[in-house]
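Hi,

Here is the structure I promised to send over.

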Amino acid sequence: MTEPPKFKSTCPKCGYPQYCGCQSCLPHLPAGMKPYYWTKDGEAIICGNCGFTEGADFWLDLEVEQVRAWQRARGEVPTI
């Protein structure tokens, strides 16, 4: 039995998949992938690939939009 495709949020500037870089998630990061990281003041998230930087609220809103689009593309009713 195959697993259903999983959603992965991406950077709006470069399209790079966004992976958490916390100590709990880092060991599960796919080989060769760079995690996003936070600014020193903890107010913004930086794409690990291109350096696109925006506030955490922006990234959360973007992820919600991307999940909804992904669900619609699969013929599902968006759940969030």
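Which residues of α1 are buried? Before I get to that, please keep in mind that this is a predicted model.

The buried ones are Trp-59, Leu-62, Gln-66, Val-67 and Gln-71. They sit on the same side of α1, because the arc they cover around the axis is only 165°.

α1 runs over residues 56-73, 18 residues in total. At 1.5 Å a residue it should span 26 Å, and its end C-alpha atoms are 26 Å apart, so the two agree. Just after α1 comes Gly-75, with a positive phi of about 80°.

The other spot to look at is Thr-10, in the segment before β1 (37-38). Its relative accessible area is 25%, so Thr-10 counts as partly exposed. Setting aside neighbours within four places in sequence, Thr-10 is in contact with Trp-59, Leu-62 and Gln-66, and also with Gly-15, Tyr-16, Pro-17 and Gln-18. Trp-59, Leu-62 and Gln-66 are among the buried residues of α1 listed above. Thr-10 and Glu-63 are 53 residues apart along the chain, with 8.0 Å between their C-alpha atoms.

Cheers

Methods. Residues are numbered from 1 along each chain as its sequence is written. This is a predicted model: local features need pLDDT of at least 70, side-chain atom pairs count only at pLDDT 80 or more; totals for chains, interfaces and linings use all residues. Side-chain values use heavy atoms; hydrogens and water are left out. Helices (H or I, at least four residues) and strands (E, at least two) are DSSP runs, numbered from the N terminus. Buried means under 20% relative accessible area, exposed over 50%, partly exposed in between (1.4 Å probe, protein chains only). Contact means heavy atoms within 4.5 Å. The expected span of a helix is 1.5 Å times one less than its number of residues. The arc is that of the directions from the helix axis to the C-beta atoms.
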